[in-house]
Amino acid sequence: MKGSFKLGKIADIGIFIHWTFSLLILFIVFINYRSGQNATQILWSVFFVLSIFITVVMHELGHALAAKRYNIITKDITLLPIGGIARLEKIPEKPIEELIVAIAGPLVNIVLAVITGIFITIPATSEQLMAQLANGVNANNFFLNFFLVNFWLALFNLIPAFPMDGGRILRALLSFRLQRHVATRISARIGQFLALGFILLGFFTSPFLIFIGIFVIIGAQVETDYTESKFMLKGFKVHDVLMKQYPKIDANETVKTAVALVLDSQNKNFLITEQEIPVGTLNRDQIIMALSQKGEAEFIYNIMDRNLIFLDANSLLENVFELIQLNKSKLMLVMENNEVAGALDIENLMEFILINEVKFNKAHDKN
């Protein structure tokens, strides 16, 4: 993620912090100063926020280490002002594996809350609790606050709504009896229904609930679309969708030639060749940027992307779907018998999915 700084590694997983995290610290200092707190009280508040984000790292490590058990690599963990993001190489699709990976994060918070609860005295009444929390975070109530935050983090993450852990737990449980795309759709709709409740409640309480509701609605729809797209690819191989006719540009041509090709067609991705040998790729955005920064006389070989991606013609489309999505702005080469059999890009694949979806719905209607 751009604008992130590496803090170090834990279990070979890079831990990053985004620069916007500093804005959160400044905001905490500002609101505490405005409320009349002294320097010591402000330091306790900042220290508490930092301890919570250490907890967030531990939460994400819970997911990462559980995924590692199933040979799923976690690329990195990034801290943001709204929480942490663990970038798993892929989401486990077997129900038991997804269940264990999804529940591992909230379990970390539950364990932290239980351990903290052993060493503190939890107020017997809500009035006593509010009295202890009334003056902000300090040396006397630090661990009580830590206990409460971990408890609520676990509870919040267990809400059955994508993209939170509870949504994945619900899908995993449903997937024991239902096809994954059906389980995803049901989980997403439940989450979106709850999200509407968050939004309505947010109008009367906190705007933050509105933000969470919108976030859940969008996240649930993205997950649904992704899973249903993968379902439509089941049984098909890369050679079923490859393009045999695709645009090429010689590496020794200029940006002017590339611009002319963009204007003369609907193509967005191009293969760059040198003496008919593939040496790179170029997309429309890269061409426009090169035109803006370097001019139309610049040679293609100076602006092309030299990192070619090769797909095996006999690979199952559902298995390479994530790879294709990660490289959605590139043209990928399809190899068969050690020769280039064609090319594939995300637009061609999405058209294939749409066509299959229409066919599937028609066949389903007839039945």
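This is a predicted model: local features need pLDDT of at least 70, side-chain atom pairs count only at pLDDT 80 or more; totals for chains, interfaces and linings use all residues.

Biologist: Where does N71 lie?

Modeller: N71 sits in the loop that runs between α2 (39–68) and β3 (74–80).

Biologist: And what is its phi?

Modeller: N71 has a positive phi of about 60°, although this residue is not a glycine. As background, most residues other than glycine have a negative phi.

Biologist: OK, what about E276, what's its phi?

Modeller: E276 isn't a glycine either, and its phi is positive, at about 65°. You'll find E276 in the loop between β6 (269–274) and β7 (277–283).

Biologist: Is E276 buried or exposed?

Modeller: E276 has a relative accessible area of 63%, and exposed means over 50%, so E276 is exposed.

Biologist: Let me switch topic. How many helices and strands are in the chain?

Modeller: The chain has twelve helices and ten strands.

Biologist: Which residues make the contact between α4 and α5?

Modeller: First, the geometry: the axes of α4 (residues 126–133) and α5 (residues 142–157) come within 10 Å and cross at roughly 115°. That crossing is left-handed. On the α4 side the contact is made by L129, Q132 and L133, and on the α5 side by L144, N145 and L148.

Biologist: How many of those are nonpolar, polar or charged?

Modeller: In the contact of α4 with α5, four residues are nonpolar, two are polar and none is charged.

Biologist: Now I115. Which helix is that in?

Modeller: I115 belongs to helix α3, which covers residues 95–118. With a relative accessible area of 43%, I115 falls between the 20% and 50% cut-offs, so I115 is partly exposed.

Biologist: And how far apart are I115 and S35?

Modeller: In sequence, I115 and S35 are 80 residues apart, and in space they are 32 Å apart, C-alpha to C-alpha.

Biologist: Zooming out, what does the chain span along its principal axes?

Modeller: The C-alpha trace spans about 80 × 60 × 40 Å. The chain has 367 residues, and 44% of them count as buried.

Biologist: Last one: what share of the contacts join residues at least 24 apart?

Modeller: Taking contacts between residues at least 6 apart in sequence, 61% join residues at least 24 apart.

Note on methods: Residues are numbered from 1 along each chain as its sequence is written. Side-chain values use heavy atoms; hydrogens and water are left out. Axes are lines fitted to C-alpha atoms, for helices over the stretch in contact, and angles run from 0 to 180 degrees between N-to-C directions. Helices (H or I, at least four residues) and strands (E, at least two) are DSSP runs, numbered from the N terminus. A crossing is left-handed if the near helix is turned anticlockwise from the far one by less than a right angle, and right-handed if clockwise. Contact means heavy atoms within 4.5 Å. Ala, Val, Leu, Ile, Met, Phe, Trp, Tyr, Cys and Pro count as nonpolar, Asp, Glu, Lys and Arg as charged, and the others, Gly among them, as polar. Buried means under 20% relative accessible area, exposed over 50%, partly exposed in between (1.4 Å probe, protein chains only).
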